[in-house]
Amino acid sequence: DGSDDNEEGSAAENEETAKGTDKGKKRATPRTRRAPARGRDRHGDEEDEDDEDGKRRTGHRRHRSRRRGRAAGNEASDSDMEPAKARKNQANQKSKEDDEEEEDEKGGKSGKGKSEKKGDKKSDKKGKKEKANKKKKDKKKSGSGSDSESEEEPITEEELAKLKEEVEEKKKLIATLRNKPWKMKKKLSVLKEAQLFVEKFEGALGKGKGKKFYAYKVMMTKKWMKFQRDFENFKTACIPWEMKIKEIESHFGSSVASYFIFLRWMYGINMILFGLTFGLVMVPEALMGKPYGSLPRKTVPRAEEATAMNFATLWDFSGFAQYSVLFYGYYNNQRTIGWLKFRMPLSYFLVGVGSIGYSFMIVTRTMAKNANDDGGGDDTSFNFSWKMFTSWDYLIGNPETADNKFASITTSFKEAIVEEQESRKEENIHLTRFLRVLANFLALCTLAGSGYLIFFVVRRSQQFALEGLENYGWWERNEVNTVMSLLGMFCPTLFDVISSLENYHPRIALRWQLGRIFALFLGNLYTFIIALMDEINLKARYFLPFTLEEEKIVKYNMTIWEASLYNGTIPENSTAPPIQVDPADVPRGPCWETMVGQEFVRLTVSDMMTTYITILIGDFLRAVFVRFFNYCWCWDLEYGFPSYSEFDISGNVLGLIFNQGMIWMGSFYAPCLPAINVFRLHTSMYLQCWAVMCCNVPQERVFKASRSNNFYMAMLLFILFLSTLPAVYTIVSIPPSFDCGPFSGKTRMFEVISETLEHDFPSWFGKVFGYASNPGLILPFILLMVLSIYYLNATSKSYKEANLELKKKLQ
Amino acid sequence: MGNKQTIFTQEQLDAYQDCTFFTRKEILRLFHRYRDLAPQLVPLDYSAKPAVTLPYQLIGSMPELKDNPFRQRIAEVFSEHGDGNMTLDDFLDMFSVLSEMAPRDLKAYYAFKIYDFNNDDYICKSDLEKTVNKLTRNELTPEEVSLVCEKVIYEADVDNDGKLSLADFQHMIVRAPDFL
């Protein structure tokens, strides 16, 4: 421990600069001689206490000095330095003496050469300490030269207290040295001083026990911080497509990026829905249900067998695709299947209801979370300043990322400038109002026109259907679909043109645009549903009134047919042998659920195709045309008419929302829908990201998306509500087909619940449920919920007001 | 044990650990990064505290700083004589302040110095204009730049002297959620 000795020795030395004398001479001893010895000694200590993350040196040193102190009693060696704990004054004196002896012995300090400077500086800085030091030096002086402990004047209490204070100050200084805004040189010298001082006097004061623990705590904090940072990095790396979206955000602004963030969120929801339907419905049926071909409902009818494998049929989702786990009709109504006794119908029902419930829950939860973020306060008091001083990310080390960052900063400034300009704009109120009224009128006209057009076309298609579809070509057969798609393509552009009359802030203009397109699509959807219902009714007109009749007829036919089979063969035993009839030949009952499911799947697929083709043609080919034909065209294509397209936020968002509505509506009848949608969203993400970066230009007025996206969420919630209505209606009111699906044979689909309650739960459960579903209990419950909603609303309003008040006060 | 390096004396390493936010390993790594910039200039033995200074061009070519629009200012602020040439001490100092473990007020102090292009202890309009242009690589029009600078002064200048003093700056930056 020669090093510490030297340290302390030098401290003593420094304290005694006034003394000078032979110490000074010894000071001159070259440092380098010391170094190796010290290094080695240090090592010895280090392995005991040091850990690679570097405990606080001071603590370390203190500990060592203490240890040495303890050993002091035993060792008589000169290299012993002994700040013993309890021996206050005497020890102090003694240590100083020994320091001096040490000095004499080893010939002066080295290594911490700076300590000399530090000592000087220190005494310069702390005048108070100077005096105390002087006092000590005097005492030392008096004590020096004597080898044995002699009677020393005890340091008075007052001085001791002062000393303690100073030592504490020094310790604090050392601990916070890295926080000081000084140059390194200065820091190093201050450090030496402070360290020497504390080393010297601390033993006398008997402190320092907690240092090791403190150092350990600090190390743990550091490790924890590092762990947290790594975990955050890992978490961010796990988020899919984060880099893509950041890139888009930096080039196109936060509003375009908000669409992609929305898309990613939808993808997450669809993954969960897919997991539910796949894992709990499709897989059990595939693994444990009766295989293909064993039951009539699971087999392609003989008549269709020839074309069952054609690509055209499969693309249309009939043939083999229809008679598989993908659709409702395949499932058997056995109560339990397989050795696990998996209750298939119950699972089907619960998954259907559960996915809707889950969707509601997550949309509402996201809305609530966004509302929190919004209500938390839009602190715009230092908007521009923060943009200027905190937007650059000093951690960027990659030129591409830097490019993106520059673009994003520029975009962000532009956004803020737009906001600023908007707020400074002055308006001619009357003209604006008139224009806005005119614009709304035009929009209404467009909507009415489109509604009528769809109605007209649907009527025509019903006529065609009545007359038989074979007489008409492709156009007539697909008239409804094509007209709807065309309307969906051109009306939004029309709305866009109309909105230029209105002169709103871009964000508000976007909302109006979204609202109008929403109304348009809603109208389309509504007419589509009417068409579907009409089709069902059309067919139902032929068989619903006859449902019971038809059922009877079909069953009768089947028994006759079976009987004929029996008659045809000679029964071997008295027990009727199982007739080996190929299920493909069995006559089938109608299966409207599968039909509905098919319609939805076809719609989704065609929607997907339309979107992709629109992107390829509308954006990509247009960009290629503009880029390459610009050389040989009369006017400048890039600035003039076609130019590059901008990313159509509203159209895409609404497309996404309506697509999701389709999924929600149809997934009860076609469990494969979420899977198809997951695939669609996945490819759509990549395709659109590429298309945006490649073919689009940023909007002229780049504006900041509202932080929350609550507008999209509200629309999504509305659509969710609308799309669950048909499914709920069918579950509750329409009897399921008798010949296909997991609920065949029941009068209503929800009876599967009561059946389960009977069979699988103890009897008292059923009784409790019966009581609970009593209207007398349900109505008060509803009333209670309404009251609590009202109460919570009132409280939240009052909180918001209180919030605003406080904010005002702060300013 | 574990102290196999011969670059620094133990005291030096300890002192560096006390004066910066770095651990022993990190300090050694930083030394090697410093040395890699100019192996022929930087000796392997620092125990004698050689006075070696690396010119700004070498510092500015480090991958961490290369893309930073403010690298020149950063080097100037942390260098000994304000010219951008840094010794190892300055180098360590710079990275210590820029590291994640440095507290905000320390960073705020140095940030102020970095953004103060003319070193007059105030961030005036011309400093702000230079900052904006560096941030956007001159993509904004002069009117936009001017608008931005006016807004900044309007927002942050508390003592109404038309420029930002250290106190103004600190008052504003300490509330920023993104200041890291």
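Modeller: Contact means heavy atoms within 4.5 Å. Keep in mind that this model is predicted.

Colleague: Which residues of helix 23 of chain A does helix 22 of chain A meet?
Modeller: Helix 22 of chain A covers residues 592-629, and helix 23 of chain A covers residues 649-666. On the helix 22 side, the contact uses A:Phe600, A:Leu603, A:Thr604 and A:Asp607. Facing them in helix 23 are A:Asn659, A:Met662, A:Ile663, A:Met665 and A:Gly666.

Colleague: How many residues of that contact between helix 22 and helix 23 of chain A are nonpolar, polar and charged?
Modeller: Sort the contact residues by class. The contact has 1 charged residue, 3 polar and, for the nonpolar class, 5.

Colleague: Are helix 22 and helix 23 of chain A roughly parallel or roughly antiparallel?
Modeller: Their axes lie 10 Å apart, at an angle of about 160°. The crossing is left-handed. Angles over 145 degrees count as roughly antiparallel. The two helices of chain A are therefore roughly antiparallel.

Colleague: Turn to chain B. How is helix 2 of chain B set against helix 6 of chain B?
Modeller: Helix 2 (residues 24-37) and helix 6 (residues 88-98) of chain B pack at about 125°, with axes 10 Å apart. That angle makes helix 2 of chain B, relative to helix 6 of chain B, oblique.

Colleague: Is the crossing of helix 2 and helix 6 of chain B left-handed or right-handed?
Modeller: Contact residues there include B:Phe31 of helix 2 and B:Phe91 of helix 6. By class, that contact has 9 nonpolar residues, no polar and no charged ones. Helix 2 of chain B passes helix 6 of chain B in a crossing that is right-handed.

Colleague: Where does helix 12 of chain A bend?
Modeller: Helix 12 of chain A has 35 residues and reaches 49 Å, close to the 51 Å expected. It bends by about 35°, at A:Phe278.

How values were computed. Residues numbered from 1 in each chain as written. Chains lettered and ligands numbered in written order. Predicted model: local features only at pLDDT ≥ 70, side-chain atom pairs only at ≥ 80, totals over all residues. Heavy atoms only, no water. Helix = DSSP H or I, 4+ residues; strand = E, 2+ residues; numbered from the N terminus. Expected span 1.5 Å × (residues − 1). Bend = angle between axes of the 7 residues up to and from the residue. Axes fitted to C-alpha atoms, helices over the stretch in contact; angles between N-to-C directions. Parallel < 35°, antiparallel > 145°, perpendicular 65-115°, else oblique. Left-handed = near helix turned anticlockwise from the far one by under 90°. Nonpolar A, V, L, I, M, F, W, Y, C, P; charged D, E, K, R; others polar.
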